[in-house]
Amino acid sequence: MDSAISDVRTPLGATADNGLKIVVVGGFGVGKTTMVRSVSEIRPLNTEETMTRAGETVDDISEIRGKTATTVAFDFGRITLDARNVLYLFGAPGQERFWFLWDRLFSGTLGAVVLVDTRRIDDSWYAIDRLERHGTPFIVACNDFGGARHAHRDVREALDLDPQVPLLDCDARSRESSKQVLITLVQHIKNRYAGQTAPAVASPREFV
Amino acid sequence: MRRPGRDDAPDRLYTLTGGRSRSGPDSPFDLVTLVVAESDATPGMQSEHAAILRLAQAPTAVVEVAAELGLPVSITKILLSDLLATGRVSARHPRNSVLPDPDILEQVLVGLRNL
């Protein structure tokens with residue numbers, strides 16, 4: 001077990017006292033870890049949470065034996081913003097079972113980036129629906145995989161995206177591009193909460 | 001890469017926490033609560049507790065502790081609760097509220113622009 005502790009750690013400053021969360025959600029292979037890595041000051045780390053089918057973390061170890069529990073893995077990186085604020089950036093799978101853990105892991109998150117591969121737009125639909133239902137501010141970033149650029153209008157239509165949700169292209173491998181994605185998200189969060197006393201409750205969309 | 005909870009037998013997790021597996025809805029620890037060691041590891045201490053105290057010489061988030069120890073987050077929170085209860089670590093909880101603090105958001109923007 002001691003071998004699990006890496007020798008190369010970059011410690012936080014002693015005055016750090018406020019952890020913040022932003023989640024990058026997207027399907028398998030869309031570039032979540034790449035984006036986390038491009039802006040993180042540490043090599044992305046991986047960890048897991050285990051939960052029961054009922055959506056709670058395990059409260060009876062026998063449930064692990066009984067295989068009624070399931071495990072969700074996610075990776076994360078870290079950005080020291082200033083002497084006190086530290087931003088943790090989580091790369092999280094958008095698949096259905098993950099959302100059972102959202103409240104448990106990501107309550108209090110500032111917002112989310114939905115990372116989209118425009119060749120597989122349908123993969124992102126579920127994540128956007130869940131974020132709207134949770135009332136979590138989010139933006140959509142299309143990762144550039146070198147293919148033909150899709151017109152934003154088409155992407156918005158395919159995702160049935162609210163006109164107020166920012167949509168931008170990015171290259172998750174680029175630190176500067178990923179940084180711009182995060183800035184766009186935080187600006188969106190600021191705008192959304194400015195002059196508003198309560199977070200907007202998104203009207204549920206109908207599934208067809 | 002280690003895959004705790006997948007490669008490990010559940011029995012190991014059971015032993016680590018003395019059979020407890022619920023960190024509880026009232027667990028004070030958020031994923032990004034920063035933990036700081038307030039004492040050194042002592043001989044005879046449970047090895048995971050000692051490892052946490054070594055890791056948390058500088059402020060270290062709960063999720064970093066979990067990743068470095070190779071343990072699920074919920075199990076890590078139980079171990080941290082033990083250490084918090086005995087004063088061996090202190091916890092700096094995120095200053096969250098229902099609505100994000102505009103000042104904090106501005107600080108985040110400034111920090112990101114300075115990257």
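1. A helix, in the sense used throughout this note, is a DSSP run of H or I of at least four residues, numbered from the N terminus. By that rule B:Ala50 lies in helix α2 of chain B, which covers residues 47–55. The model discussed here is a predicted one, and the points below should be read with this in mind.

2. A residue is buried if 20 or more other C-beta atoms lie within 10 Å of its own, and exposed if 12 or fewer do. B:Ala50 has 16 other C-beta atoms within 10 Å and is therefore partly exposed. Once neighbours within four places in sequence are left aside, the contacts of B:Ala50 are with B:Ala41 and B:Met45. As for B:Asp82, it stands 32 residues from B:Ala50 along the chain, and the C-alpha atoms of the two are separated by 12 Å.

3. Chain B as a whole contains five helices and three strands. Read from the N terminus, these elements follow the order α-β-α-β-α-α-β-α. The chain has 115 residues, of which 43% count as buried. Among its contacts between residues at least 6 apart in sequence, 68% join residues at least 24 apart.

4. The strands of chain B form an open sheet in the order β2-β1-β3, with antiparallel pairing. The strands β2 (60–61) and β3 (89–92) stand at the edges, and each has a single partner strand, so one side of each is left without a neighbour in the sheet. Strand β1 of chain B, residues 34–37, pairs with β2(B) in the antiparallel sense over two bridges. Within β2(B), B:Thr60 is the residue that stands opposite B:Val35.

5. How many of the residues of helix α3 (residues 62–69) of chain B are buried? The count is eight of eight, and the helix is mostly covered. Its buried residues include the charged-type names B:Glu64 and B:Glu68 as well as B:Val62, B:Val63 and B:Leu69. Just after α3(B), B:Gly70 takes a positive phi of about 70 degrees.

6. B:Val62 also belongs to the largest nonpolar core, which has 81 residues. Together with A:Val113, B:Val62 has the most contacts inside that core. Leaving aside neighbours within four places in sequence, B:Val62 is in contact with several residues, among them B:Phe29, B:Leu31, B:Val32, B:Val35, B:Val73 and B:Leu80. The list of its contacts also includes B:Asp30, B:Thr33, B:Thr76 and B:Lys77.

7. Chain A has six helices and seven strands. From the N terminus on, they run β-α-β-α-β-β-α-β-α-β-α-β-α. Of the 208 residues in chain A, 42% are buried. Among contacts in chain A between residues at least 6 apart in sequence, 74% join residues at least 24 apart.

8. Two helices of chain A meet: the axes of α1 (residues 32–39) and α6 (residues 175–193) come within 8 Å and cross at roughly 100 degrees. Angles of 65 to 115 degrees count as roughly perpendicular, and α1(A) is therefore roughly perpendicular to α6(A). On the α1(A) side the contact is made by A:Met35, A:Ser38 and A:Val39, and on the α6(A) side by A:Arg175, A:Ser178, A:Lys179 and A:Leu182. These residues divide into three nonpolar, two polar and two charged.

Methods: Residues numbered from 1 in each chain as written. Chains lettered and ligands numbered in written order. Predicted model: local features only at pLDDT ≥ 70, side-chain atom pairs only at ≥ 80, totals over all residues. Axes fitted to C-alpha atoms, helices over the stretch in contact; angles between N-to-C directions. Parallel < 35°, antiparallel > 145°, perpendicular 65-115°, else oblique. Contact = placed C-beta atoms within 7 Å. Core = buried A, V, L, I, M, F, W, Y, C linked by C-beta atoms within 7 Å. Pairing = 2+ DSSP bridges.
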